[in-house]
Amino acid sequence: MSGQPVPTTFIGRKQWEAEAWKAVRKVFERHGWKIAPLGMNRSLILPEAEELVMTAFNPPTVVMLVCVPDAIAVHEPTKQSWLVELKSTNRETFAIRARDFAALLMWDALLAVAHLPSAVVYACRVENLPPPKAVVLPQRDYPLTLWDEGGLAVLQHQFPEVTVLTGVTVVTGSKAPFAVWELESLERLEAFLR
C-alpha cells in the first residue's frame with residue numbers, strides 16, 4: 001500500500017465538529033448527563049513556555065498539555081464523569097493522530113465518534129479501543145517531531161500486531177502518524193451510558 005493515497009477525516013473539520021457536538025450532546029443529555037466543552041487548547045500555553053513545549057522530549061505532561069480532551073461530562077446521580085474526546089466522520093472509519101492517542105490514554109478519556117450521515121454516536125474508553133484497521137505513517141519530507149515519534153511508539157506498543165503502512169500519500173492534515181479504526185468495532189454511546 002506504500003505510496004497510495006488514503007482518505008483522511010480532516011477535511012471540513014470545523015463544520016463536522018459542530019455537527020458532531022450537537023449529536024454527542026443530545027445523547028448525553030437524553031441519558032441525564034451534563035456535558036460542556038472544556039475550551040482548553042494549545043493557544044493557552046504562555047509564549048515564554050512555547051519553545052520549551054516544542055522541544056521537550058515527549059514527557060507525558062507536555063503531550064497532555066497539547067492534546068486535551070474536548071469536553072467534560074458529568075452524571076450527578078451516579079457520581080460518574082468523563083473527559084470526552086470528540087471525533088466525527090462521514091465514513092465507516094475514523095482516525096486518531098498517534099500523539100493524540102498517547103495523550104488520551106494518559107487522560108483516561110472517553111472517545112465519542114459521531115457518524116454524521118446517520119447521526120449515530122459511537123463510544124469507547126481510549127484504553128479499551130480494539131486494534132486499529134491500520135497505523136499510517138504518511139509520506140513526508142521532514143522528520144517526525146518528538147511528539148509524533150512518541151505517539152507512534154505508544155500505538156505500536158499498544159497494538160504490536162498491526163502493521164505500520166509507511167510512505168502513504170495523505171493530501172490533507174498534518175502528515176503526522178495516525179491510526180484508522182472501523183466504526184463497527186465500537187458500541188453506540190447510548191449503550192455505553194446505560
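This is a predicted model: local features need pLDDT of at least 70, side-chain atom pairs count only at pLDDT 80 or more; totals for chains, interfaces and linings use all residues.
## Helix, rings, cores and strands

Student: How many residues of α4 are buried?
Tutor: Buried means under 20% relative accessible area, exposed over 50%, and partly exposed in between, with a 1.4 Å probe and protein chains only. Among the buried residues of α4 are R99, D100 and F101. Helix α4 (residues 98-107) is largely enclosed by the rest of the structure, because the buried count is 7 of the 10 residues.

Student: How many aromatic pairs does a search of the whole structure find?
Tutor: Rings of Phe, Tyr and Trp (its six-membered ring) pair if their centres lie within 6.5 Å; planes under 30 degrees apart count as stacked, over 60 as edge-to-face and the rest as tilted. With that rule, the search of the whole structure gives 6 aromatic pairs.

Student: What is the sequence separation of the parts that W82 and F192 tie together?
Tutor: W82 and F192 form a tilted pair, 5.7 Å centre to centre with 55 degrees between the planes. W82 is buried at 14% relative accessible area, while F192 is partly exposed at 21%. W82 lies in β3 (residues 80-89) and F192 in α6 (residues 189-193), so the parts tied together are apart in sequence by 110 residues.

Student: What is the angle between the planes of F101 and F159?
Tutor: F101 is buried at 1% relative accessibility, and F159 is buried at 5%. Their ring centres are 5.8 Å apart, and the pair is tilted because its planes lie at 50 degrees.

Student: Where does F159 lie?
Tutor: F101 lies in helix α4, so its pair with F159 ties together parts 58 residues apart in sequence. F159 itself is in the loop between α5 (146-158) and β8 (164-168).

Student: Which residues have the most contacts inside the largest nonpolar core?
Tutor: A nonpolar core is a set of buried Ala, Val, Leu, Ile, Met, Phe, Trp, Tyr and Cys residues joined through side-chain atoms within 4.5 Å. The largest has 23 residues, and those with the most contacts inside it are F94, F101, L129, L155 and W181.

Student: Is β7 largely enclosed by the rest of the structure or exposed?
Tutor: Residues A134, V136 and P138 on one side of β7 are buried, as are V135 and L137 on the other. That makes 5 of the 5 residues buried, so β7 is largely enclosed.

Student: What is the bridge partner of V136 in β9?
Tutor: Two strands pair if DSSP finds at least two bridges between them. Strands β7 and β9 pair in the antiparallel sense over 3 bridges. The partner of V136 is F178.

Student: Which residue in β8 stands opposite V135?
Tutor: β7 and β8 run parallel and are joined by 4 bridges. Opposite V135 stands V164.

Student: Is K79 buried or exposed?
Tutor: K79 sits in the loop between β2 (71-75) and β3. Its phi is positive, about 60 degrees, although K79 is not a glycine. With 74% relative accessibility, K79 counts as exposed.

Conventions:
Residues are numbered from 1 along each chain as its sequence is written. Side-chain values use heavy atoms; hydrogens and water are left out. Helices (H or I, at least four residues) and strands (E, at least two) are DSSP runs, numbered from the N terminus.
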